Amino acid sequence: IGPQGATAIGKLLGTLAGCRLTSLNLDDNKLRYAGIVEICNGLSTNKQLRLLSIADNNINAEGGQVLAQTLRVNTTLETLQAGKNYLSESMPALALALCRRGTCARLLDFSTNRINAT
């Protein structure tokens, strides 16, 4: 779907208050940075989505930071699958810190990411 399709999905996630969608799989859709920004815009106000899978989308470190910011305000997402991307080493630590405060996901998948240990 790419970034353009993500724009439409992001708008739907953010504007459909009565939407019953609880799971969204966007694996391998070439979202990249621009696409994850759009998805996160919708997620910041969405109160229904419980599972988001965005594996294998070439999401870079900057996209990971946008996602981390979104996880601070979205308290309903329980499962985030973000494997096979290019997230920075700070993304998992930030997401786990948010979970410890009870404001984030219960299951996080960052498998096969380009995360360097320092």
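This is a predicted model: local features need pLDDT of at least 70, side-chain atom pairs count only at pLDDT 80 or more; totals for chains, interfaces and linings use all residues.

Me: What sheet are they in, and what is its strand order?
Reply: The sheet is open, with four strands in the order 1-2-3-4 and parallel pairing. At the edges are strand 1 (23-25) and strand 4 (107-109), each of which pairs on one side only. From one strand to the next, the twist averages 5°.

Me: Nice. Changing topic, which residues have the most contacts inside the largest nonpolar core?
Reply: Those are Ile-39, Leu-52, Ile-54, Leu-80 and Met-91, in a core of 25 residues. At least two core residues come from each of helix 1 (2-15), helix 2 (32-43), helix 3 and helix 4. As general background, nonpolar side chains tend to be buried together in soluble globular proteins.

Me: What is Ile-39 in contact with, leaving aside its neighbours within four places in sequence?
Reply: Ile-39 then touches Ala-6, Ile-9, Gly-10, Leu-13, Leu-26 and Leu-52. Leu-52 is also one of the residues with the most contacts inside the core.

Me: On to the backbone. What is the phi of Asp-56?
Reply: Asp-56 has a positive phi of about 55°, although it is not a glycine. For context, most residues other than glycine have a negative phi.

Me: Where does Asp-56 lie, and how exposed is Asp-56?
Reply: You'll find Asp-56 in the loop between strand 2 (51-53) and helix 3 (61-73). Its relative accessible area is 32%, so Asp-56 counts as partly exposed.

Me: What about Lys-84: is its phi positive or negative?
Reply: Positive: the phi of Lys-84 is near 55°, and this residue is not a glycine either. Lys-84 sits in the loop between strand 3 and helix 4 (90-100). With 46% relative accessibility, Lys-84 is partly exposed.

Me: One last thing: where is Cys-99 found, and is Cys-99 buried, partly exposed or exposed?
Reply: Cys-99 belongs to helix 4. Buried would need under 20% relative accessible area. Cys-99 has 22%, so it is partly exposed.

Me: And how far apart are the C-alpha atoms of Cys-99 and Thr-75?
Reply: They are separated by 9.7 Å, with the two residues 24 residues apart along the chain.

Methods. Residues are numbered from 1 along each chain as its sequence is written. Side-chain values use heavy atoms; hydrogens and water are left out. Two strands pair if DSSP finds at least two bridges between them. Axes are lines fitted to C-alpha atoms, for helices over the stretch in contact, and angles run from 0 to 180 degrees between N-to-C directions. Buried means under 20% relative accessible area, exposed over 50%, partly exposed in between (1.4 Å probe, protein chains only). A nonpolar core is a set of buried Ala, Val, Leu, Ile, Met, Phe, Trp, Tyr and Cys residues joined through side-chain atoms within 4.5 Å. Contact means heavy atoms within 4.5 Å.
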